[in-house]
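The following exercises are meant to be worked through with the sequence and the model side by side. Try each task before reading its solution.

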Amino acid sequence: MTNPTTTLLDGLNEKQLEAVTLPHQSALILAGAGSGKTRVLTTRIAWLIQTGQVSPHGILSVTFTNKAAKEMLTRLGAMLPINIRGMWAGTFHGLCNRLLRAHHREAELPPTFQILDTADQLSAIKRVMKAMNIDDEKFPPKQVLGYINSCKEEGLRAYAVDAYDSHSQRMREIFEEYDKQCQREGVVDFAELLLRCYELLSSNKSIREHYQQRFKYILVDEFQDTNRLQYLWLKLLAGTNNCIFAVGDDDQSIYAFRGARVGNMRDFEHDFNVQNVVKLEQNYRSHSNILDAANAIIMHNRNRLGKNLWTSAGKGEPIRIYEGYNDKDEAVFIVDEIKALHKEGIELSQIALLYRSNAQSRILEHELFSAGLPYRVYGGLRFFERAEVKHALAYLRLIANGDDDTALLRVINFPTRGIGARSLEQLQELARQQDSSLWQAACAKAGDGRPGRGLEGFVALVKQMQEESIGLTLAEQVELATRLSGLRDHYAADKEGEDRLANLDELVNAAIAFMNQDIGMPVDENGEVAMSMLAQFLAHASLEAGEHQADVGRDALQLMTVHAAKGLEFHTVFISGLEEGLFPHEQSSYESNGLEEERRLMYVAVTRARQRLYLSFAQSRMLHGQVRYGIPSRFLDEIPEALVKRLNTVSNKSYGSTSQYPAAAPAPAARPQASMPWKIGQAVAHSKFGQGVVVNYEGNANDLRVQVNFGREGLKWLALEYAKLEPL
Ligand code: ATP
Ligand code: MG
C-alpha cells in the first residue's frame, strides 16, 4: 500500500520538500517565476491537514484572484479525500467581506451592506462633490477616487491624513464627507472592506482573539503585491502565536501603482523573526530559451533581491519576433499563427494573447472575430458590468436595502417614469435637510401611492418588490425584480433590446447557478447565517465582476492584460504591442521606478510561456484616435540575439504605401483633436445595417471613426467619411 503522505510529496524537489514540510514557524519562500511557489503553498496546506497538524477550519489562505482561490480549492479537493468547505481561502477582499458579514453589528454596518465597484464609487464621489459645491475641474473626481483609495490602502482615515495647503485640505474634506455618505447609505468600497475589517479586528479584542485562536496557519500567495494595509491586517490576525507562510517573487511586483509594497517582504522577515527563507531555483514551466530571455530582461533592474533560475527542460524553440508595418498587420499575423497552432492540435485555451493596456485589444478582437476564432477577454466589459445587468442588480439592491442611494439613483428614473432632474434635486435637498438616505426622503415625500409613474409610483414599486420578494428563492427574486421594475418590458419594446433581454435571462441563470453552488455560507459563532442569499449574491456580483466569464467550458483563446496574467501559464504566449510608449508604458517615464516596474511586468509576461513565445510590434498604430509611429520596445533589445528568431525583417517591407493609413498622415502631435458631429447615444441609420446608436468614437477630423450598435447586426466601427450615416 502506498503511504498517502509520500504520494502527496512525490515529485517535489529537495527545496520544495523543505518548504512544504517546514515546522510551525513563519517562513518566506522567495523564488522566481514558475519555480513551484503556488504548488508548494497548496501542497503545504494538504500536508498540514493530512498529517493532522491542523483541520481545514484552522487555515486561512490568501490568493490574488478569485480564480486562483477556486483553482486551489479544486486542487486540494483532488489531493485530499476530506471536506475542505470550512476552509477560508480567498482574496483579501473576499475574506474581509466574509468577516464583516459575520460581525456587521460590531463593524457598524447594516447586515445587507453593499459593495461599491469602482464605477459606483466614482459616481458616489461625484455626488458628494456636487453636494459640497466643488468644482470638478479643480478636483477631477477620478483623482479624488485615487486619493481616497490610496489613503485607505495606507490604513488612514480622513482625520489622520496630513493636509498642508488649501487644496489638500479640501481633498480631505471630500474624503470625510464621502465616508459619511457611504455610512449613511450602508455601502462600502473595495478599500473600505479591508480598512473596516482591519479596524474591527484592532478595536474588538474578543473578535480578534477568536480569529487568532482559529487561524493557526496563514498562507499568502503573491506576497510581493500586498499593500501596507493588507500587511497590517495579516499581522493582526497572526498575533504572537500564529505563523505566516508567505510566497512571493520581488521580480513580479507589478501593483505598486495600487499601493503594493515590496518592502513588506523585508518587514516581514524582521517583524516575524523569519528564520527560514527558502529559495527555489529550478523552473518547471519554461524551456531555457524563454527562461534565459526573462533572466536577461530582469537583469537590467537594479532594485532586486537577486536570485537565479534554471531549467532542465532543454533549449526549446527560439523566441519568435515579428515586426508589423501597422497594428492591423500585426493582428493579422497573430491570428494566422493561432490558426496554424490550432490546426497542429494546440487547444485555444492553451494560447494567451497579452497586451499592456486594454485599449489595444480592440483591433485584435476585430481580427479574431473576422477569423471566427472563439476568444475570451479577461478584463473587458464583463457580464456583471453591462448596463442592463447593473440596472437589474440596482433593483435587487433596493430590495435588500432601500437606503442604498447609489442603487436608487441608477434606477429611480429607469425605465423612465417622469422623474426629472428638478424633482431629483428636490429629493436630494430634502435628504440633506433631514440627514437621511434618498429612499427615506422619497418615502416621506411620496406617502402611499400605487406602483406607476412619478416619485409616488417608484416608492410604491420598490415597496411592492420588497413585500413580494419575501419567501421567494433567489432566482425568483431576480425574476421578480427584472419583471416588476419594467426592465423586461422596456427592452422588449426596444428593437435593439434582444441581447439585453437575453442578459436579464442570463442573470436569472446566474442566480440559479449561485443557489446550486456549494458556497458555504458565512456563519457566525452561533451558527447563524449572517446574510441572506440575496445579499450574498449581490456581494458575489460586485466581487466577481472582474472575473466572471460567459461561455465557460468552451475552448477559447485567452485575451488579457499582462497584469491579469499573473500566476497563470500557457503553452503559447503572444505579447503584442512591444513599442516604446506602449510597453514600457509612456506613463512609466514620469514615475520614479516606473521603468523598473514595467520591466517586471515584461518579466511576468515572458514567464507565462511554457513552449512557445511570440513578441510583436507595429511600426504604426491607431490608438486613442491617433496614428502613432512606434519604435521597438527597449525590452526587445535586452534579449540576447542568440535566443531569437526574427520572422521578418524591416527592409523587406515597403512602408507607407501599403499602410492602411494615408502615407502623408501628419505626425500625431500636429493632428487636431477629434471633432465629433454627434453625441454618444445619437440614433443613426446605415443603408446596409439599418438603424443603430452611436456608442463610441475615435480619430480626428480626417479620419473619424464611430462605433455603432446595430442591435442584431452587432457592434461596428465605421469610418465616418465613407459610411454615409444618416442621423435620425
Ligand atoms: P508564478 O511565479 O508564475 O506564480 P509559481 O512559482 O507559482 O509561478 P507554479 O505555478 O506553482 O509556479 O508552478 C509552475 C509549473 O511547474 C506548474 O505547472 C507546476 O505544476 C510545475 N511544477 C512545480 N513544481 C514541480 C515539480 N517538482 N515537478 C514537476 N512540475 C512542477
Ligand atoms: Mg504562482
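Exercise 1. Sort the residues of the shell around ligand 1 into nonpolar, polar and charged.

Solution. The shell divides into 4 nonpolar, 10 polar and 5 charged residues. As this is a predicted model, the division describes a prediction. The next step is to see which residues these are: 19 residues surround ligand 1, and the closest are G36, K37, T38, R39 and Y284. Turning then to the elements that supply the shell, one finds that helix 3, which covers residues 37-50, gives the most, with 3 residues. Finally, the unreviewed UniProt entry can be consulted, and it places a "binding site" at A31, G32, A33, G34, S35, G36, K37 and T38.

**Two residues of the annotated site**

Exercise 2. Decide whether G32 is buried or exposed, and find its contacts beyond its neighbours within four places in sequence.

Solution. Begin with the position of G32, which is found in the loop between strand 1 (27-31) and helix 3. Next, count the other C-beta atoms within 10 Å of G32, which gives 25. A residue is buried if this count is 20 or more, and therefore G32 is buried. Last, leaving aside neighbours within four places in sequence, G32 is in contact with D249, D251, N283, K307 and L309.

Exercise 3. Which strands form the edges of the open sheet of 7 strands, and how do strand 9 and strand 17 pair?

Solution. Write down the strand order of this open sheet, which is 11-12-10-13-14-9-17, with parallel pairing. The edges are strand 11 (375-378) and strand 17 (644-646), because each pairs on one side only. From one strand to the next, the twist averages 20°. Strand 9, made of residues 319-324, pairs with strand 17 in the parallel sense over 3 bridges. To locate this pairing in the model, look for I321, which stands opposite R646 in strand 17. As background, strands of a sheet pair through backbone hydrogen bonds, either parallel or antiparallel.

Conventions: Residues are numbered from 1 along each chain as its sequence is written. Chains are lettered from A and ligands numbered from 1 in the order in which they are written. This is a predicted model: local features need pLDDT of at least 70, side-chain atom pairs count only at pLDDT 80 or more; totals for chains, interfaces and linings use all residues. A residue is near a molecule or strand if its C-beta atom, placed from the backbone, lies within 6 Å of it. Helices (H or I, at least four residues) and strands (E, at least two) are DSSP runs, numbered from the N terminus. Ala, Val, Leu, Ile, Met, Phe, Trp, Tyr, Cys and Pro count as nonpolar, Asp, Glu, Lys and Arg as charged, and the others, Gly among them, as polar. UniProt positions are given in the numbering used here, feature names are shortened, and annotations may be inferred rather than shown by experiment. A residue is buried if 20 or more other C-beta atoms lie within 10 Å of its own, exposed if 12 or fewer, and partly exposed in between; C-beta atoms are placed from the backbone. Two residues are in contact if their C-beta atoms, placed from the backbone, lie within 7 Å. Two strands pair if DSSP finds at least two bridges between them. Axes are lines fitted to C-alpha atoms, for helices over the stretch in contact, and angles run from 0 to 180 degrees between N-to-C directions.
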